[in-house]
Amino acid sequence: MVAIRETHDKVRYSLSEWKKSFNVNENDRQIILETFAYCSERCQDKKLEERLQKRSAEMIGILLTLHMDIATLQVAILYTHYTEKLITVEQVEKDFPQLVSSILKGAIDMEAIRFLQNMGVGGQATETQIDNVRRMLIAMVEDIRSVVIKLSERIAYLREVKNADEETRVLAAKEISSIYAPLANRLGIGQLKWELEDLAFRYLHPDTYRQIAELLDEKRIDRENYIKEFTDELKQALDEAGIEAEVYGRPKHIYSIWRKMQKKHLDFHELYDVRAVRIITKELSNCYAALGIVHTHWHHIPKEFDDYVANPKPNGYQSIHTVVLGRGGKAVEIQIRTEKMHQDAELGVAAHWKYKENKNSTDTPYEERIAWLRQLLSWQEDMVESGTLVDEFKTQVFEDRVYVFTPKGDVVDLPNGATPLDMAYQIHSMIGHRCIGAKVNGKIVPFTYQLQTGEQVEILTQKEPNPSRDWLNPNNGFLKTSKARSKVSAWFKRLDREKNLEAGREILEKELERNGLEIEKHALEGALSRACGHYNLTNTEDLIVNVGAGIIKINQLISYMELGLKDRATIAEEDDQQILDRYDTEKTVKSSRSEKVSGNIVINGVGNLLSHVCRFCRPVPGDDIVGFITHGRGITIHRVDCIKFADQYKNSPERVVEANWAVNYSQGYTITIRIIAGDRPGLLRDITTVIANERVNVMGVRSKSNVKTQTADIDVDLEVYNVSDLSKIISKINQIDDVISAKRM
């Protein structure tokens, strides 16, 4: 049965009573109480604070059994209050040591795990979600304490919802059984794994749980007497053989009993491990000696023998399992392991985490982090189901990424195919500029070497920066990432100032000549000086250098120069103003075009209900869609990746219905695209010309300029008939000069 800690059964929680119930030194006790007081000052709701204190106390009780340090206990308190928005990371960074804020950030990054829970729901993984999962993975490898805090918080939450409504309990249990229990298993933390599984099983299958619990209780006294006699006899046999060992009956876990009944199609009374004994020895040799004593004194069942010492489980679990027939022909399962194996089985990766005074977590050997990383890569396979989205997740987070380690054990996240030079620039620009070589797992490798997950990489540097132009040639294979190439390119742009200055003057002269503009020297200097203010540059030389380096486009510069170009600029500005006047911002788009879609959408399993599209995501034919039954407004049609739909699904999944576009749809839909571009006269004219050429109606235009950045934000309402037409228009707008981006709103 699951062990329920003391605080869990209290009707009224008292901090003053609880603080005496755990075993820490007086200094740590004072730190914990001060952290509680810090959080209490920021909560005005006494009932909420009592609930958060109780949950924090539960978590600390769990963490102490895992021998976690004082920083972890502090974060347990801070994290529960952070989830209720009572404190911020910025406040913690200001008021607590850096280690505490670092662990808290890692625990917060664990929230990305909720995305994995909903991967089976329709939709596409957004880049933000993928990035959050990567951050979570790195946080988990960087400091395992963040994971342990999250696991303890979920156990505390499961206990907390014991008396909640059935829906709340079931949703919590599903999340635990699908994500957190497999994670605890992969990390080998047996103490947390069993409790997560048993509590989740209790909520998901209450009748079965109760039935097995009653069967265990029926024969509990007889079974305990039987086990006591068996362990006394076994202990005596081991002592006579000179084998020093601890022998005791081990606790039973209802979920494991049920799973074995299902897997082997056995009745409860046919199970071998209802009566179970554990032997803990000092040394490995004593494990096999103890096994010999057991098999000598009792008849064993060969098919039930497993040697997980010689062949450890994927999560590192080691133990010898055997089943023998005791008095009366009753089966008894025996587990034999060393003290270290036992600690590893109960604490998993937490057992390897060394806490030393004045030491940082990055001192942990990188070999241990490699092992944890491999376990985490396997965990995601245990957890997710097959499907397009899952495949995308696996590809973007795991298969298309490489996770390597510095000599200190820090994790560096790189794309697949990255080289040591990519890693050097990922760490710091100057590390890359000064890089002269690299060692992978202690061996010198060429710059073109492609890094593999789990490798330790040491970057060799010199005192002065000296990047090579050859690094920029993609055919040479020195750099994989655009980030690294841009840093090398920026270095040479700064290095080649004189060359760029000469090139810029030549480009400017040719452009003035091409436009037939003859400008006197002093007039040209005046025009360039005025343009410097526009680009936030201090002098005309910097302006020309930027032109030569390609940072400033020459046609954009000419547009802003006032001499000889005033008439042309005025004409372009007048064209833009006419367009804005034509599409008055106060005009409203007919709602019938954007909302009434009942005839164009087929909703499965639902009668003739009114349907309308979501104004937030505005789906068009070709988009993957889903329906949500609202209160009194019929069915709202969303794109499957709509943020609002994600919130609605989370709160009321039973209201989701399947929806598809009708085969013969022919109605137009109003969609808004946002264009961000460098501000210049004639920009709006060029955009509307492209749209007109595609025979698409413009329903409205809104424009806003940013003087500081010299950019313009333009929202254009278009009437489109399907998503392919929309994609084609956006693609062509992105090709217009000075357009930075064009995206669907």
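Guide: A search of the whole structure finds two cavities of 30 Å³ or more. This is a predicted model, where local features need pLDDT of at least 70 and side-chain atom pairs count only at pLDDT 80 or more, while totals for chains, interfaces and linings use all residues. Residues are numbered from 1 along each chain as its sequence is written, and side-chain values use heavy atoms, with hydrogens and water left out.

Visitor: What makes a space a cavity?

Guide: On a 1 Å grid over the protein atoms alone, a cavity is a set of points where a 1.4 Å probe fits but cannot get out. The volume is the space filled by probe spheres set on the points, which are joined across faces, edges and corners. For the second largest cavity that volume is about 30 Å³.

Visitor: Which residues line the second largest cavity?

Guide: They are Leu414, Asp422, Tyr425, Gln426, Thr481, Lys483 and Ala484. A lining residue has an atom within 4 Å of a point. Helix H19 (420-427) and helix H21 (482-495) each give two or more residues to this lining; the largest share, three residues, comes from H19. Helices here are DSSP runs of H or I with at least four residues, and strands are runs of E with at least two, numbered from the N terminus.

Visitor: Why is Glu197 called buried?

Guide: Buried means under 20% relative accessible area (1.4 Å probe, protein chains only). Glu197 has 9%, so Glu197 is buried. Glu197 is found in helix H11 and touches Ala181, Tyr255 and Arg259, not counting residues up to four places away in sequence. Touching means contact, that is, heavy atoms within 4.5 Å.

Visitor: What makes a set of residues a nonpolar core?

Guide: The members are buried Ala, Val, Leu, Ile, Met, Phe, Trp, Tyr and Cys residues joined through side-chain atoms within 4.5 Å. The largest such core has 52 residues, of which Leu78, Leu151 and Leu196 touch the most other members. The largest share of this core, eight residues, comes from H10. A second, separate core of 25 residues includes Leu683, Ile714, Ile730 and Ile736.

Visitor: Why is strand E19 described as largely enclosed?

Guide: Nine of the 10 residues of E19 (residues 711-720) are buried, so the rest of the structure largely encloses this strand.

Visitor: How do you know that E18 and E19 pair?

Guide: Two strands pair if DSSP finds at least two bridges between them. Nine bridges join E18 (residues 697-706) to E19, and the two run antiparallel. Arg702 stands opposite Asp715 in E19.

Methods: Buried < 20%, exposed > 50% of the residue type's maximum accessible area, 1.4 Å probe, protein only. 1 Å grid on protein atoms, 1.4 Å probe; cavity = no way out; pocket = protein on both sides within 12 Å on 5 of 7 lines; lining within 4 Å.
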